[in-house]
Amino acid sequence: MTEPTPPPTGSSPDTEGRSGPEGDGGTRSAADWRRRIADLMPQVRADLEDLVRIPSVSLDSFDAAHVEASAQRVAELFRDAGADVEVVHIGEGHPAIIGGVDGPKGAPTVLLYAHHDVQPPGPDSDWQSPPFEPVERDGRLYGRGAADDKAGVMAHVAALRAHDGRPPVSVRLFVEGEEEVGSESLPAILERYADRLDCDAIVIADSANWAIGTPSLTTSLRGNVRVVVRVRSLDHGLHSGLFGGPVPDGITAMCRLLATLHTDEGDVAVEGLTWEPDPDVDYPEDVLRADSGVLDGVRLLGTGPLAARLWSRPSITVIGLDAPAVDVAANLLSPTCQAKLSMRIAASEDPMRAYAALKTHLESHAPWGVQVEVDLVDAGAGFTASTEGPVVEAAQSALADAWGSDPTEIGLGASIPFISQFAETFPSAAILVTGVEDPDTRAHGPDESLHLAEWEKACLAETLLLERLGTMRSDG
């Protein structure tokens with residue numbers, strides 16, 4: 001693909017009309033497109049709710065038939081929106097949707113990415129309403145996957161519908177079915193279908209906006225390393241009264257080991273990890289506390305600017321611990337304990353180098369000589385996007401018109417490791433990471449929700465983006 005060139009000097013995306021979706025030579029202003037999206041949203045929302053009702057959890061311990069059903073439904077939605085798509089499988093991986101629709105000759109090609117698999121819901125008792133039965137409360141749609149990332153899927157569908165299935169660019173579609181479990185099949189999919197997915201720009205609708213009313217382009221993402229660490233102190237369990245005192249147990253040893261991962265201030269204590277320069281964006285503490293729900297009196301971890309602690313420095317979180325539940329615990333010294341750790345790393349950090357540093361730290365800090373084993377679960381690189389060029393400018397203007405306010409470039413503490421694989425496969429493509437979420441979305445947690453008014457703006461922004469990219473022509 002060749003680099004798109006911007007529209008002729010003097011054209012203004014904010015004021016000039018564009019070709020209408022009817023393809024009849026008419027023009028539409030941003031206000032016209034806003035009304036078009038508003039007319040479409042009731043059906044777009046209904047289709048989103050149908051998707052949320054499909055419990056497409058991609059973990060191996062859940063029924064894979066639901067992920068298949070979700071893929072088939074997504075394929076139907078894109079076909080109805082005018083795209084030619086198919087459901088594809090690679091090995092034992094979960095199904096993805098591949099396809100697209102050709103635009104006018106010489107127009108850029110835009111790859112639209114999202115994922116239709118979701119995280120496990122956890123106990124129903126943690127939710128105010130059933131996780132797979134979408135419910136609206138106070139302008140938000142609640143349900144697992146309502147935001148992450150079935151709202152992203154439907155934003156792509158909405159943009160195609162707005163253009164009546166005849167967008168002013170060539171569109172390529174890739175909706176993944178195993179993003180939430182590490183995208184294991186992604187390299188093979190990209191290798192097999194690279195020709196069909198080749199593009200000038202990639203829109204990844206799987207991020208968040210800075211705040212309600214403030215759109216964002218995500219320009220940096222931390223990488224991720226997940227490990228399981230096992231501690232063993234005994235070859236069998238022992239009566240805690242007979243042997244407690246001199247004999248160490250696995251759970252207490254694990255607690256001591258995990259405590260070495262942070263300094264007293266809460267900074268990551270693993271040596272050798274990269275700390276990137278502090279971002280320019282200010283993240284006020286009161287805003288972070290409100291966004292995250294930190295309880296009164298609880299201190300925030302770490303030192304330095306909050307944006308740096310969230311976006312450009314490493315973090316380590318204990319995300320799982322195998323130990324007897326309180327209600328069924330025997331009066332026993334447990335011989336073993338295992339924990340799962342999630343380490344977020346700076347965008348420029350080599351994931352395997354970071355894993356080696358974490359492994360060395362854990363093994364060298366084994367308390368009381370207990371045995372420590374560390375196994376890698378998965379690792380993914382971070383990403384830093386270009387903030388210049390005609391595609392980025394088109395995205396910024398589309399976001400500004402959709403929200404009525406200028407977009408903010410943000411980092412994200414979360415990881416989307418597959419983006420680096422897209423960058424390697426399509427090195428000339430501009431990558432745009434856009435958001436359908438907001439700080440109160442609670443993705444991955446109970447009561448995940450989508451702010452419906454903000455989502456409508458995201459659908460409008462993507463519609464405008466396709467229209468404005470359509471004014472560009474390849475120089476070849």
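Which residue in strand 9 is the bridge partner of I97? Select I97 and look across to strand 9: the partner is V175. Before going further, note that this is a predicted model, in which local features need pLDDT of at least 70 and side-chain atom pairs count only at pLDDT 80 or more, while totals for chains, interfaces and linings use all residues. Residues are numbered from 1 along each chain as its sequence is written, and side-chain values use heavy atoms, with hydrogens and water left out.

Select strand 5 (residues 96-101) and strand 9 (residues 170-176), which run antiparallel and are joined by five bridges. Helices (H or I, at least four residues) and strands (E, at least two) are DSSP runs, numbered from the N terminus. Two strands pair if DSSP finds at least two bridges between them. Strands of a sheet pair through backbone hydrogen bonds, either parallel or antiparallel.

Now extend the selection to the open sheet of six strands, whose order is 4-5-9-6-10-20 and whose pairing is mixed. Strand 4 (84-88) and strand 20 (430-437) are the edge strands, each pairing on one side only. From one strand to the next the twist averages 20°. Axes here are lines fitted to C-alpha atoms, for helices over the stretch in contact, and angles run from 0 to 180 degrees between N-to-C directions.

**The aromatic cluster**

Select Y113, F174, F418, F422 and F426, which form one aromatic cluster. Rings of Phe, Tyr and Trp (its six-membered ring) pair if their centres lie within 6.5 Å; planes under 30 degrees apart count as stacked, over 60 as edge-to-face and the rest as tilted. By this rule the model has eight aromatic pairs. One of them is Y113 with F422, edge-to-face at 5.7 Å centre to centre and with 75° between the planes. This pair links distant parts of the chain, as Y113 is in strand 6 (residues 109-115) and F422 is in helix 11 (residues 418-425), 309 residues apart. Y113 is buried at a relative accessible area of 0%, and F422 is buried at 0%. Buried means under 20% relative accessible area, exposed over 50% and partly exposed in between (1.4 Å probe, protein chains only).

F418 and F422 also form an edge-to-face pair, with 5.7 Å between centres and 75° between planes. Because they are four residues apart in helix 11, F418 and F422 are separated by about one helical turn. F418 is buried, with a relative accessible area of 1%.

Go next to the open sheet of three strands, with order 7-8-21 and antiparallel pairing. Strand 7 (135-137) and strand 21 (449-451) are at the edges with a single partner strand each, so one side of each has no neighbour in the sheet. The twist averages 25° from one strand to the next. Strand 8 (residues 140-142) and strand 21 pair over three bridges, and L141 stands opposite L450 in strand 21.

Show the side chains of R137 and Y142: R137 lies over the face of Y142, 3.8 Å from the ring centre. A charge sits over a ring if NZ of Lys or CZ of Arg is within 6 Å of the ring centre and within 35 degrees of the ring normal.

Where is D138? D138 lies in the loop between strand 7 and strand 8. Its phi is near 55°, a positive value in a residue other than glycine, and D138 is exposed, with a relative accessible area of 83%. Move on to the peptide bond from D148 to D149, which is cis, with omega near 0°. D149 is in the loop between strand 8 and helix 3.

**Helix 1**

Finish at helix 1 (residues 30-52), which bends by about 45° at M41, with a proline, P42, following within four residues. The bend at a residue is the angle between axes fitted to the seven residues ending there and the seven starting there. The buried residues of helix 1 include W33, L40 and M41. The charged end of R28 sits over the ring of W33, 5.6 Å from its centre.
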